[in-house]
Amino acid sequence: MSAITPEQRLQQLGLVLPTVSTPRGNFDAYVLDGHTLYLSGKGSPLRNDMAVVPKVGREISTDEARQHARDVGLHLIATMQAALGDLSRVRRVVKLLGMVNAVPDFMQHTEVINGCSDLLVEVFGDVGRHARSAVGVGSLPRGFAVEIEAVVSIKD
């Protein structure tokens, strides 16, 4: 009996992958170079009202930001699938860089980015475990609360 595939695991978790959108700018959503897949940063939540930029630790709680990071993780998985066609081609999620648009005295960046990290392990098992940085930033594009990029090693 073969192991469960990442696609089957997504189905078991009741998760549906979002559509991968075309980037707003002169860059690609991903670059596949040999056995390495580089995923551009993806942000959440998508906002249309740019009048006030909500900050984690002020208008957005740690738990809400963790959910935003989980949503970003789902987008990253969707981008992997778009790039590879089959999520079983993921050999290892190697590295995440998670950025949190937070107030200066916020210190729970790791708890926020755990939303993405936990999802990757739920879907890929040990293959989803990765090295990671979680940093606070003064602003992010479009006022995102969270932005995360990833590096993934792939099988032939």
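These are my notebook entries on a predicted model of one protein chain.

**Ground rules**

I number residues from 1 along each chain as its sequence is written, and side-chain values use heavy atoms, with hydrogens and water left out.

**Entry 1: fold elements**

I looked up the secondary structure. I take helices (H or I, at least four residues) and strands (E, at least two) as DSSP runs, numbered from the N terminus. The protein chain holds three helices and five strands. Read from the N terminus, their order is α-β-β-α-β-α-β-β.

**Entry 2: overall dimensions**

I checked the radius of gyration, taken over C-alpha atoms, against the globule rule (2.2 Å times the number of residues to the power 0.38). For 156 residues the rule puts a compact globule near 15 Å, and the protein chain agrees at 15 Å. I also noted the span of the C-alpha trace along its principal axes: about 50 × 35 × 25 Å.

**Entry 3: burial, contacts, surface**

I sorted residues by relative accessible area: buried is under 20%, exposed is over 50%, and partly exposed is in between (1.4 Å probe, protein chains only). Of the 156 residues, 38% are buried. Next came contacts (heavy atoms within 4.5 Å). I kept contacts between residues at least 6 apart in sequence; 81% of them join residues at least 24 apart. The accessible surface (Shrake-Rupley method, 1.4 Å probe; for residues, only the protein chains shown count as cover) is about 8300 Å². Carbon and sulfur atoms account for 50% of that surface.

**Entry 4: charges**

I counted Lys and Arg as positive and Asp and Glu as negative, leaving out His and the chain ends. I placed each charge at NZ of Lys, CZ of Arg, CG of Asp or CD of Glu. The protein chain has 16 positive and 17 negative side chains. The centres of the two sets are 1 Å apart.

**Entry 5: salt bridges**

My criterion was a side-chain nitrogen of Lys or Arg within 4 Å of a carboxyl oxygen of Asp or Glu. How many salt bridges does this rule give? The count is three.

- Arg58 pairs with Glu59 at 2.8 Å, N to O. Arg58 is exposed at 53% relative accessible area, and Glu59 is partly exposed at 40%.
- Asp63 pairs with Arg66, with 2.5 Å between the closest N and O atoms. The two residues are three apart in helix H2 (residues 62-84), which means about one helical turn lies between them. Asp63 is exposed at 51%, and Arg66 is partly exposed at 28%.
- Arg70 pairs with Glu122, with 3.1 Å between the closest N and O atoms. Arg70 sits in helix H2 and Glu122 in helix H3 (residues 109-124), so this pair ties together parts 52 residues apart in sequence. Both are partly exposed: Arg70 at 22%, Glu122 at 29%.

**Entry 6: backbone**

Which peptide bond is cis, with omega near -5°? I found the one from Ser44 to Pro45. Pro45 belongs to the loop between strand S2 (36-44) and H2.

I then looked at phi. Arg142 is not a glycine, yet its phi is positive, at about 55°. Arg142 lies in the loop between strand S4 (131-137) and strand S5 (146-154). Its relative accessibility is 29%, so I logged Arg142 as partly exposed.

Notes. Predicted model: local features only at pLDDT ≥ 70, side-chain atom pairs only at ≥ 80, totals over all residues.
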